[in-house]
Amino acid sequence: MKIVELDSVSKSYGNERALDKISLGIEQGERIVILGPSGCGKTTIMRLVAGFIPPDSGIVSIAGKIVSRDGKIIVPPRKRGVGMVFQDLALWPHMSVKANIEFGLKAKGFGKPERQKMIRDMLELVGMLEYMDRKPAELSGGQQQRIALARALVLEPKVLLMDEPLSSLDLDLNIRLRKEIIRLHDKLGFTMLYVTHDRDEATDIATRIITMKQGRIDLS
Amino acid sequence: MAKRAFLTLIVVLLLFLGILPVLSMLVKSLVVQGNFSLASYGSVLTSGRQWTLMWHSAALSSMVTLLTLVIGTPLGILLAESDMPFRRFFTILFVIPLLLPPYFMAVSWFDLLGRQGLLAQIAGPVATRITSDLLFGLPGCVLVLFSVFLPIPMLLTMVFLGTINPRLQEAGRLVSDWKGILKSITVPLILPGIMLSAMLVFILAFGEFSVPNFLRYDVFPVESFTQFSAFYDFKAATAAAVPLVVVTLLLMFAESVFLRENTYQIRPSQEAVHSPRIELGSHLKWLLSLVTALAFIIVIVPVLVLAVQSAHTEAYIQALDYAGKSLLRSLAYAFIAATLLVSLGFFTGYLVQKKALWCWRFVDSSLLFLFALPSTVIGIGLISLWNTRWTNFVYATPAIIIIGYLAKYTALTSRISVTGLAQVPPSMEEAAQVAGAGWFRRIFYILIPLAGPTLLAGWLVGYIFSLRDTGITMLVYPPGHETLPVRIFTLMANGSPQLVAALCILMIAAILVPGGLLAALATRMKYKVNS
Ligand SMILES: Nc1ncnc2c1ncn2[C@@H]1O[C@H](COP(=O)(O)OP(=O)(O)OP(=O)(O)O)[C@@H](O)[C@H]1O
Ligand SMILES: [Mg+2]
């Protein structure tokens, strides 16, 4: 069974066609990288899968279940089992590292002792345990990156979406974090949909690369 | 060099227009027959009346602040983020009372609930006795000021929501429903906006004089005005104004401590389609009914009452006859004042936004201080400074009214200019600089066109606030130069309710028609600049 499936999905903004009848299937445990020039529709795909926007036409399914189709969102983002690392991370600036990670756990109804343990385990995994009580603004770019990852992974999502997560970092750190991401993936076994416009980054991370051009998948 | 000299000139002008009058008032109140003395304050500080006034002022402004905040903030969230229908329409509707002279709402409620009001004709005198007693006093003042200031937390909430990076809310949507997001993400992020609106409403309610004066609820600004206009006791008036200065300063201090600590890095979001909508679902019905009911009670009914009350042709003929000239004067003064306000506001805004002179923070705080200062204080200050034999060319002409507006309202146009200028990337000015353009050239050919829509909005705000001003004008207008709000205010005591209502309706039209046209124009300009 495909874990994520887009079936002939189109999306326009006004007159502009951002996605043109895209079909795409992702197998459990894959690391798919979408590669393509700016404006080709990469972010739009991510937002469709996350459920922030519905497709104008076509079907999006996750784990065999239709989550949105033909202009309608059927399953809201919070019930899709999807985690996301945003391009600008979107860490909540008013919350500590701990609170950032805890928010989703609380919303999902985990009890306090359980939450504590999950937060500690997760922070340990990304090597950030001692930064638990800092605010995002008190962390370096790379550290913020790890927290964003931890926040997305703590709920053990079926699918992790990453929209150019490393593009704001310098090359050294970028390369180091690629390894880190692969390590986490191997350990936790989620399915990953990763967006970049950097070919090197793509080949490093991907188990499969999909190239896009102007709202279509480039088969050439 | 031209830049520094010119901006310094602007600062001097600001000192001269606004700060000097207040200082002059303070100094004069401390000098009795050529010697330093606290005598003017003696009676003020010892009499029990002061405590009553203090209690009244504090009760009124805290209740109004609490109420506007508790209702205005959720209303702003609802109108900005939810999928409720008619959001734009409601937004415009709720803003209307803020655009009018505040006492209009009081007049309308009086026409409805007063002893000879519309209700009395239906429900009989006994019922109106109760409503009239409630209206004249704290509850009436709270109701009226609540409807007038509700748009402040509502609009500020909407503005601050617009500056939140939508990704922050989307990150929440991945794990939580909208209630959790609202509570833990959205509201904490707009907290500085909520605090700011609390402070603004408190200050404005504290300084408001026309409504408590009409509804006979004794507060400091009323006392100060009465001492001045009824007893011609300048010193007592000043002494009653000083607590207002002190409270204003205290609040500004609190703001600077509290708000500076709590401002997160927020940046304007540039997306055309943004912000997740709150899906109200099953809550839609009752929320929509509630909002509609509120709009009816605080906006639609009061305006309708005025319209019904004034629905006689003679009333309008008489109104134009009585006050046609005041109306024209009002429009002319507001036009001139708005133009000057936007110019002064642009340069002070530039000064503050670019931190162009060392004293930028002082300029910003002074403007805010003058805006926060009750109109009666500014009025008394202006009189104290300009009422001399040598300055009669100002004091005896409408110039004094315009100066009053500039002193009080430049803060608004200045803040608006700051926002507008902040949206122009510094590289734009730098590119012109590299191309060899001098400062004035850069201002006129680069910054003003780019900040154009914002400046138009600033003009509009200046126009409306000058047009609706009652407090300053009432104190400083030279004989024969009164504006329409002042004319109506003085007519209220002995004019017929029909006439007063007709005048109010004329005034409402004079504010809303050009306001609506210009707002539409500004929106279109903005659209052009963006696309
Ligand atoms: N909210 C929106 N409103 C209007 N047009 C949009 C919106 N979001 C995206 N678009 C348009 O849709 C197209 C695809 O955008 P998308 O953000 O998916 O590109 P992208 O591949 O992620 O680009 P980048 O690499 O620059 O992030 C672009 O042409 C863009 O202009
Ligand atoms: Mg993108």
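Visitor: Which residues in H5(B) are buried?

Guide: Happy to start there, keeping in mind that this is a predicted model. Helix H5 of chain B spans residues 103–113 and is mostly covered, with 10 of its 11 residues buried. Those residues are B:Tyr103, B:Phe104, B:Met105, B:Ala106, B:Val107, B:Ser108, B:Trp109, B:Asp111, B:Leu112 and B:Leu113.

Visitor: Is B:Ile92 buried or exposed?

Guide: B:Ile92 sits in helix H4 of chain B, residues 87–99. Its relative accessibility is 54%, and the cut-off for exposed is over 50%, so B:Ile92 counts as exposed.

Visitor: Which backbone oxygen lies 3.0 Å from a polar atom of the side chain of A:Lys11?

Guide: A:Lys11 belongs to strand S1 of chain A and is buried, with a relative accessible area of 9%. Beyond its neighbours within four places in sequence, A:Lys11 is in contact with residues including A:Ile53, A:Pro54 and A:Pro55. The backbone oxygen 3.0 Å from that side chain's polar atom is the one of A:Pro54.

Visitor: Which three residues supply 36% of the area that chain B buries against chain A?

Guide: Between the two chains, about 1800 Å² is buried, and carbon and sulfur atoms give 68% of this area. On the chain B side, more than any other three residues, the suppliers are B:Arg173, B:Leu174 and B:Val175.

Visitor: Which residue forms a salt bridge with A:Arg47?

Guide: Across the interface of chain B and chain A, the rule finds one salt bridge. Its closest N and O atoms are 2.8 Å apart, and the partner of A:Arg47 is B:Glu170.

Methods:
Residues numbered from 1 in each chain as written. Chains lettered and ligands numbered in written order. Predicted model: local features only at pLDDT ≥ 70, side-chain atom pairs only at ≥ 80, totals over all residues. Heavy atoms only, no water. Helix = DSSP H or I, 4+ residues; strand = E, 2+ residues; numbered from the N terminus. Buried < 20%, exposed > 50% of the residue type's maximum accessible area, 1.4 Å probe, protein only. Polar contact = N/O pair within 3.5 Å; in protein donor to acceptor, adjacent residues only side chain to side chain. Contact = heavy atoms within 4.5 Å. Buried area = accessible area lost by both parts, 1.4 Å probe. Salt bridge = Lys/Arg side-chain N within 4 Å of Asp/Glu carboxyl O.
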